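Please keep the sequence and the structure in view while reading.

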Amino acid sequence: MAPQLPLEVASAPKLDDDGHPQRTGNLWTCVAHIITAVIGCGVLALSWSVAQLGWVAGPIAMVCFAFVTYISAFLLSHCYRSPGSEKMQRNYSYMDAVRVHLGRKHTWLCGLLQYLNLYGIGIAYTITTATCMRAIKRANCYHSEGRDAPCDSNGEHFYMLLFGAAQLLLSFIPNFHKMAWLSVVAAIMSFAYSTIGLGLGLAKTIGDGTVKGNIAGVPMATPMQKVWRVAQAIGDIAFAYPYTIVLLEIQDTLRSPPPESETMQKGNVIAVLATTFFYLCVGCFGYSAFGNAAPGNLLTGFGFYEPYWLIDFANACIVLHLLGGYQMFSQQIFTFADRCFAASFPNSAFVNRSYSVKILPWRRGGGGGAGRYEVNLQRVCFRTVYVASTTGLALVFPYFNEVLGVLGALVFWPLAIYLPVEMYCVQRRISPWTPRWAALQAFSVVCFVVGTFAFVGSVEGVIRKRLG
């Protein structure tokens, strides 16, 4: 044990009203956390989404989703404290808030959708990483052999397996998801590739001297095909925006006074405005550069050939971002699974016993001895099956835009709209059939219709590509 300082020497850390070390977050750390949480690989599909919707509906759809995201965040930020007083219980996570306000059944629904979403993100990240690694190979081929060279070699399956193998190894690094540098690297990488995509779209538009695209977007052979494409585009936009799952965790970092909800609401306004401006620039400049030929993934569809090194760098940034991002999301499932198995099988050696394995003869802290790793058989089996299943589904359904659309539409209404609306009504004690209650329910119903439309269209897209 580490030596203890005498009580009269040790200085007690300052604590908040819940016994937690004093929170130090402010408005600008709040904004930074939100933007980091929102901007990810979904931004690369926005040009394609605008192309399906056209010059009018595309930007309007992004602005509408920004407004919906702000309303959702506004409602949820009031649910950090229960039942409403700044001195009452804190809800440290989204699921905590659901349990306190809505009860056990809604908590199960919330948990199911959250973990299903995290699992789906693992599949999407596997697809995206393989696409980017293949794009690096193709960019180098086009640069050395010419743009007419046969560089469209198949290789995504190999890269998916390679990514899966890497994730299997990373899954066994203790507390990998808690490494401080991981979030910093993810933030830098996401801003890097998003900014490069924006810059390349702007440069191509200026270089061509014309703005491509039209009012109605990409023409399709039949009206029904156009309807499905619009639904997929809406699903992709839905994937890019909401951050409700992490909002309360961000709010839990803020110091008080002023009240956390007040700081969070200001942060929501700034972050949503900044993100919407950035998204509009990426989506619209990409569409103006390529018109109806806008690729599904702005950096891998090869509308850009040069500078090839910049395209390589941008795709490498995506790969690095997703390597860490996969673990940040998956470790939440691993932790949940470990707790469930331990609670269900408290006397099982398979679940609870760990075996010490010598791995490397390094020295720690100047002392001797070999490095050892604690191996738990349940963790080995569960994490291996988990990574293998996400990789296997990515191999079967390697469709970037459609998979993003399914994920975005699946969680959009229940997690971003329905649960925040219901919690806010309980929090503020809003009586049924009052004007305020009716307005919130109407908002929820409209979003349900939009989310269902996007989900059905995205599922249709996955099925059609798989069968076609």
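R429 is found in the loop between α13 (400-427) and α14 (435-467); helices here are DSSP runs of H or I with at least four residues, strands are runs of E with at least two, and both are numbered from the N terminus. The model is a predicted one, in which local features need pLDDT of at least 70 and side-chain atom pairs count only at pLDDT 80 or more, while totals for chains, interfaces and linings use all residues. Residues are numbered from 1 along each chain as its sequence is written, and side-chain values use heavy atoms, with hydrogens and water left out.

The backbone of R429 has a phi near 55 degrees, a positive value in a residue other than glycine. With a relative accessible area of 62%, R429 is exposed; the term exposed applies over 50% relative accessible area, buried under 20%, and partly exposed in between, with a 1.4 Å probe and protein chains only. W433 is also found in the loop between α13 and α14. Its phi is near 70 degrees, again positive in a residue other than glycine, and W433 counts as exposed because its relative accessibility is 73%.

The aromatic rings come next. A pair of aromatic rings is described by the distance of the centres and the angle of the planes. Rings of Phe, Tyr and Trp (for Trp, the six-membered ring) pair if their centres lie within 6.5 Å; planes under 30 degrees apart count as stacked, over 60 as edge-to-face, and the rest as tilted. By this rule there are 17 aromatic pairs. In one of them, the ring centres of W55 and Y287 lie 4.9 Å apart and the planes meet at 45 degrees, so the pair is tilted. This pair links distant parts of the chain, since W55 belongs to helix α2 (residues 46-77) and Y287 to helix α9 (residues 260-290), 232 residues apart. W55 is partly exposed at a relative accessible area of 24%, whereas Y287 is buried at 0%. F158 and Y159 form an edge-to-face pair, with 5.5 Å from centre to centre and 65 degrees between the planes. Here F158 is exposed, with a relative accessible area of 52%, and Y159 is buried, with 14%. One aromatic cluster is formed by Y119, F163, Y326, F334, F341, F382 and Y386.

Which helix holds T128? T128 lies in helix α4, which covers residues 104-145. T128 counts as buried because its relative accessibility is 0%. Its side chain reaches the backbone oxygen of A124 at 2.7 Å, a polar contact being a pair of N or O atoms within 3.5 Å; within protein, one atom must be able to donate a hydrogen and the other to accept it, and residues adjacent in sequence count only if both atoms are side-chain atoms. An α-helix has 3.6 residues a turn, so residues three or four places apart point the same way. The 42 residues of α4 should span 62 Å at 1.5 Å a residue, and the end C-alpha atoms are 61 Å apart, which agrees; the expected span is 1.5 Å times one less than the number of residues. Just after α4, G146 takes a positive phi of about 105 degrees.

The overall figures complete the account. The protein contains 14 helices and four strands. It has 468 residues, of which 49% count as buried. Among contacts with a separation of 6 or more, 79% are between residues 24 or more positions apart, where contact means heavy atoms within 4.5 Å. The protein exposes about 22300 Å², and carbon and sulfur atoms supply 68% of this area; the areas come from the Shrake-Rupley method with a 1.4 Å probe, and for residues only the protein chains shown count as cover.
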